[in-house]
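Here is a quick walk through the model, from the overall picture down to a few helices and charged pairs. Keep the structure open while you read.

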Amino acid sequence: MDAGMCPRLIEEMTMTPLRQRMLDALVLHGKAARTQEAYIEAVAKLARHYRCSPDRLSDGQVQQYLLHLVQARHLARSSVNQAGCAFRFFYGTVLGHDGKAFQIPLARAAQKLPEILSREEIARLLACAPHFKAHTVLASAYALGLRVSELCALRIEHIDSAADRMCVRVVQGKGARDRYVPLSADLLEALRLYVQAVRPRPWLFAAATDASRPLNVEQAQRWYHRARDAAGITKAGGIHSLRHCYATHLLEAGVDLHSISQWLGHGHVSTTARYLHLARPDTPDGARRAPLALLSGLPALLPH
């Protein structure tokens with residue numbers, strides 16, 4: 001099976017021809033492993049709902065199922081739209097149905113601004129990390145501004161600590177694009193302490209039960225929530241909040257929008273521009289440190 005396929009799908013013991021056909025199409029279209037998994041799971045749930053092979057359903061039945069997700073399951077609009085995108089891919093790309101004849105509507109999701117943690121809250125969050133590895137993961141998430149899937153996929157060789165480089169290479173991030181993100185001296189020192197203590201290989205953050213596999217995204221998310229709750233932070237959001245904080249604090253520190261957009265891996269600067277609504281224009285000079293330097297002076301959680 002193709003190396004680009006996500007591990008959970010590779011482990012499927014019963015692969016129907018239709019599921020294999022969809023998986024092959026996802027791989028050919030360069031969809032990320034998590035997208036592959038989400039799309040196939042969405043179509044599988046649709047089939048289980050009707051107890052029928054999904055290729056035998058009408059567009060009316062698919063629309064009724066999406067309505068069921070909204071009205072009966074009370075799923076967020078973003079979750080319903082993701083299912084709708086999966087169905088569009090399955091019926092349009094895999095089965096070749098005409099989009100005008102086989103219609104799957106998508107509604108605009110509500111545009112909500114994320115809640116941004118203050119610099120003091122970031123410090124408390126890191127100080128309350130449940131253990132050394134979690135502390136390093138959360139510090140890296142904030143200081144690099146990576147998506148959690150990108151963070152978990154980091155390898156040792158992606159860290160370039162040469163004095164004239166000081167960057168982290170993000171390999172095949174969202175949109176199947178590579179990019180480089182600046183590496184602060186403070187984070188480099190934290191990573192060196194971590195590497196000396198843990199000796200990770202090949203993944204920078206490996207799974208606890210199997211060092212040959214990367215850290216599970218859900219585990220990183222759990223560490224964030226544990227640290228947030230222990231720090232007494234009530235603002236909503238998961239580990240992705242640290243990426244929002246990274247971008248917002250960079251703007252407040254005076255970094256230009258184009259650079260931030262490149263580091264975040266956004267396809268368009270307009271996507272990054274939403275952080276202009278989150279940044280405080282009157283940030284005191286003493287608090288204008290960017291995430292790349294904010295780790296200075298924070299209490300390090302050293303291994304016991």
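## Overall picture

Contact here means heavy atoms within 4.5 Å. Among contacts in the protein between residues at least 6 apart in sequence, 62% join residues at least 24 apart. This is a predicted model, where local features need pLDDT of at least 70 and side-chain atom pairs count only at pLDDT 80 or more, while totals for chains, interfaces and linings use all residues. Residues are numbered from 1 along each chain as its sequence is written, and side-chain values use heavy atoms, with hydrogens and water left out.

The secondary structure comes to 14 helices and three strands; these are DSSP runs numbered from the N terminus (helices H or I, at least four residues; strands E, at least two). Of the 304 residues, 43% are buried, where buried means under 20% relative accessible area, exposed over 50%, and partly exposed in between (1.4 Å probe, protein chains only).

## Helix α9, one side in

Helix α9 covers residues 185-198, so to speak a run of 14 residues, and reaches 20 Å from first C-alpha to last, close to the 20 Å expected at 1.5 Å a residue. The expected span is 1.5 Å times one less than the number of residues. Its buried residues are L187, L188, L191 and Y194. They cover an arc of only 125° around the axis, which puts them on the same side of α9; the arc is that of the directions from the helix axis to the C-beta atoms.

What covers that buried set includes α7 (132-144) and β1 (159-160). On the other side of α9, A185 and Q196 are exposed. After the helix comes R199, with a positive phi near 55°.

G254 follows α11, and its phi is positive, near 95°.

R243 lies in this helix (residues 240-252). The backbone oxygen of G145 does lie 2.7 Å from a polar atom of the R243 side chain. Setting aside residues up to four places away in sequence, R243 touches residues including R147, E150, R179 and H266.

## Charged pairs

Side chains of opposite charge can pair when their charged atoms come close. The structure holds nine salt bridges. One of them joins R119 and E252 (3.0 Å, N to O). That pair links distant parts of the chain, R119 in helix α6 (residues 119-127) and E252 in helix α11, 133 residues apart. Both R119 and E252 are buried.

E150 and R179 meet at 2.8 Å, N to O, in another salt bridge. Here E150 sits in helix α8 (residues 148-152) and R179 in strand β3 (residues 177-182), 29 residues apart. R147, E150 and R179 are linked in a network of salt bridges.

Definitions and conventions
A polar contact is a pair of N or O atoms within 3.5 Å; within protein, one must be able to donate a hydrogen and the other to accept it, and residues adjacent in sequence count only if both atoms are side-chain atoms. A salt bridge is a side-chain nitrogen of Lys or Arg within 4 Å of a carboxyl oxygen of Asp or Glu.
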